[in-house]
Amino acid sequence: MSFKTGGCQCGRVRYSVETEMAQAYLCHCRMCQRATGGFAAAFVQVPTDALSWERAPDWYESSPIARRPFCCECGTPLGFHFRDSAGEPHITFGSFDDPAGFTPEAHAGSESVHEAWLNTSALPRHYTAKTESIAKRWKAAGREVPE
Ligand SMILES: [Zn+2]
Ligand SMILES: [Zn+2]
């Protein structure tokens, strides 16, 4: 078995997930766009008993069929669950401590795909540590540029 941990940006909400049965995907539906602020939401779906909250999240009802865990202190979106009890947890990819290793397998909510945001691998790449306007702000805050 292999486990991954994750949580919100401020560290108040924490979870661990057994990842053997994990399925990663992107959801492009308008509710996921609004809930995460992204062009799509990146999720990792796992069986219900594969997820354990070490510190419980806050929840809001995002639609008549789904509710979403988040942190009420820092606002990090942590996933979504269908409201019926059979719903398996879908955890936000970016909330894992180390998200590397998941490969997306499908697009959901495809009626709302923004095609221009999908094929971006040819765009110029800027790196935080080499972007002076950002690096100098980290330095002024007395911190190293985060990896
Ligand atoms: Zn938080
Ligand atoms: Zn969605």
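Trainee: Which residues coordinate the zinc ion (ligand 1)?
Mentor: Keeping in mind that this is a predicted model, the zinc ion (ligand 1) is held by the SG atoms of C8, C10, C71 and C74, at 2.3 to 2.4 Å.

Trainee: And what is the geometry of that site, tetrahedral or irregular?
Mentor: The site of the zinc ion (ligand 1) is tetrahedral, with angles of 108 to 113 degrees among its 4 donor atoms.

Trainee: How are those donor residues spaced in sequence?
Mentor: The spacing for the zinc ion (ligand 1) is C-x1-C-x60-C-x2-C, and the pair C10 and C71 links distant parts of the chain, being 61 residues apart. You will find C10 in the loop between strand 1 (3-7) and strand 2 (14-18), while C71 sits in the loop between strand 7 (66-70) and strand 8.

Trainee: Is C71 buried or exposed, and why?
Mentor: C71 counts as buried because its relative accessibility is 0%, and the cut-off for that class is under 20%. C10, on the other hand, has 45% relative accessibility and therefore counts as partly exposed.

Trainee: OK, what about the other zinc, ligand 2: which residues coordinate that ion?
Mentor: The zinc ion (ligand 2) is coordinated through the SG atoms of C27, C29 and C32, at 2.2 to 2.3 Å, and these donor residues follow the spacing C-x1-C-x2-C. Of these residues, both C29 and C32 are buried.

Trainee: Changing topic, how do strand 1 and strand 2 run?
Mentor: They run antiparallel and are joined by 5 bridges, with G7 standing opposite R14 in strand 2. The two strands form a hairpin with 6 residues between them, and G11 in the turn has a positive phi of about 90 degrees.

Trainee: Which strand does strand 2 also join, by 4 bridges?
Mentor: That is strand 5 (residues 51-55), which runs antiparallel to strand 2, and there R14 stands opposite R55. Strand 2 is mostly covered, as 4 of its 5 residues are buried.

Trainee: And what is the strand order in the open sheet of 7 strands?
Mentor: The order is 6-7-8-9-4-3-10, with mixed pairing. Strand 6 (58-63) and strand 10 (104-108) stand at the edges with a single partner strand each, so one side of each is left without a neighbour in the sheet. From one strand to the next the twist averages 30 degrees.

Trainee: Last one: which residue stands opposite F80?
Mentor: F80 faces H90 in strand 9, and 2 bridges join strand 8 (residues 79-82) to strand 9 (residues 90-92), which run antiparallel.

Note on methods:
Residues are numbered from 1 along each chain as its sequence is written. Chains are lettered from A and ligands numbered from 1 in the order in which they are written. This is a predicted model: local features need pLDDT of at least 70, side-chain atom pairs count only at pLDDT 80 or more; totals for chains, interfaces and linings use all residues. Side-chain values use heavy atoms; hydrogens and water are left out. Donors are N, O and S atoms within 2.8 Å of the metal (3.2 Å for Na, K and Ca); water is not among the atoms, so sites may look incomplete. Buried means under 20% relative accessible area, exposed over 50%, partly exposed in between (1.4 Å probe, protein chains only). Two strands pair if DSSP finds at least two bridges between them. Axes are lines fitted to C-alpha atoms, for helices over the stretch in contact, and angles run from 0 to 180 degrees between N-to-C directions. Four donors count as tetrahedral if all angles lie between 85 and 135 degrees; four count as square planar and six as octahedral if opposite donors are over 155 degrees apart and all others between 65 and 115; anything else is irregular.
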